[in-house]
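Have the structure open as you read.

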Amino acid sequence: MKKTDEKQQSARRDRLLCHLPPRLADAVVYTAQRHAKLWDNLEEVRLRLDGVMCAVAQNKTIALCERTGGRVYADATELGQTLLSLCGHSVHSYDKEMCTGAFVTPDGFRVALAGWVNTQNGAVTAYRRIDTLIIRIPGRRRGCGAQLLGMVCPKQAREDVPDRAPTEAPPSSIVSTLIYAPPGQGKTTLLRDLIHQMTKTWRGVVIDPTAELYDPQDYRDCFADFLIGYDMEQGIRIATRNMNAQVMFCDEIGSPEQTRAVLYAQNSGVPLIATAHGDSPQRLLSRPGLRRLHGSGVFAQYIGVTRAGEAFRYAVHRREDIAL
C-alpha cells in the first residue's frame, strides 16, 4: 500500500507541473534535483507577483532557482496562466469559492489566494488583483491515522494493520473529538485517513464545503458520503435528518457562525470528529465559538498533533481535565 500511495503522490506532483508555465515548472524540477527529498515530500508551491517563488516540503521553505542559478520571480502573465489552468480555463466558475480565499481544483489541489479585493459589508465580492497563489498538494498517507483511530475509538478491538476494516462496534464507542494543531502539521492528512478507516464500518457523512477532503479514489470501498458546497449548518442538518449518519466529520471549524451547527450535531446524538487550528487547548478555547462548544460538552476530548518527519505525535486532553 505504501508503494501505491507513493505512486499516487508522484502522479499528483506531475499534474501540478502541468498547471505551471514551462519556465516555472522547470524551476521546480531543477530545484528538486538540487535538494534531497524535496520532490518526494513536496507539499506546496507558492507563486508571488514579482516575488521569489518557493516550495514547501516537510514544513521547510525552499526558494526555487532557474538553471542559470538565479532565483525565480513569477510575473503577472505567469500567475494568470497558472490560475487559468487550475480553474480548468473557467475562472468565473470559481468566483464564489475564490471570494472565500481558497478553492479546490477538479484534480484535488487546494489553491489559496491573496491580493487586492473589493468588499461589501465586510465580505469579499471580487479580486481587483491577485498577488499570491499557494498550490497545496493533498496529502495521502494510507494508514497514518491508525494510532489516532485507537484514541477516537478506544473500545474497539482492531488489528494493527493499515487499511483493514475495523471489527464491528456500536457508534456509541466513538468519542467525539476535536483534533487541533497549527497549520502545516498534517491535520487534514490525518483526518482523511481517519475517515477512510472509520467508514469501513460505520456510515459516515463528511461535511466538506470546499471539497478539500474529497477524493473518489480514497473512499470507493467505504461507507462515506460527502456534502460538498453546503455550509456547515445545512450540511449537519442534512446528515442527521436525511442520511442516517452514524458519525460526522468536519475540517477546520471555529468561526462563531459554525457554533450553532455543531451544537445541533451534539443534540442529534451523532458523534462528531472535527479539526481546528491551535497549538494548545487554552489558546484553542480562547476563541468564543470553540469556548461555547467546550462549555456545552460537544467534544469529550481534544487531541493535539505535531509532526516529526513522517511521524505524528499526539497530546490527548479529556474535556474535564482542561482548566480555563
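Two strands count as paired if DSSP finds at least two bridges between them. Keep in mind that this is a predicted model.

With that in hand, take Ile207, which stands opposite Leu227 in S9. Strand S8 (residues 204–208) and S9 run parallel and are joined by 5 bridges. Strands of a sheet pair through backbone hydrogen bonds, either parallel or antiparallel.

Zooming out, 7 strands make up an open sheet, ordered S9-S8-S10-S11-S7-S12-S13, with mixed pairing. Which strands stand at the edges? They are S9 (224–228) and S13 (311–318); each has a single partner strand, so one side of each is left without a neighbour in the sheet. From one strand to the next, the twist averages 20°. Helix H6 (residues 187–198) packs on this sheet, touching strands including S7 (177–181) and S12 (301–308), and its direction makes about 175° with that of S11 (272–277).

Now for the helix end. Ser268 sits in helix H8 (residues 256–268) and is partly exposed, at 32% relative accessible area. Beyond its neighbours within four places in sequence, Ser268 is in contact with Thr240 and Met248. Thr240 is 28 residues away from Ser268 in sequence, yet their C-alpha atoms are 6.8 Å apart.

Finally, the cysteines: searching the whole structure turns up 0 disulfides. Here are two of the cysteines.

Technical notes. Residues are numbered from 1 along each chain as its sequence is written. This is a predicted model: local features need pLDDT of at least 70, side-chain atom pairs count only at pLDDT 80 or more; totals for chains, interfaces and linings use all residues. Side-chain values use heavy atoms; hydrogens and water are left out. A disulfide is a pair of cysteine sulfur atoms within 2.5 Å. Helices (H or I, at least four residues) and strands (E, at least two) are DSSP runs, numbered from the N terminus. Buried means under 20% relative accessible area, exposed over 50%, partly exposed in between (1.4 Å probe, protein chains only). Contact means heavy atoms within 4.5 Å. Axes are lines fitted to C-alpha atoms, for helices over the stretch in contact, and angles run from 0 to 180 degrees between N-to-C directions.
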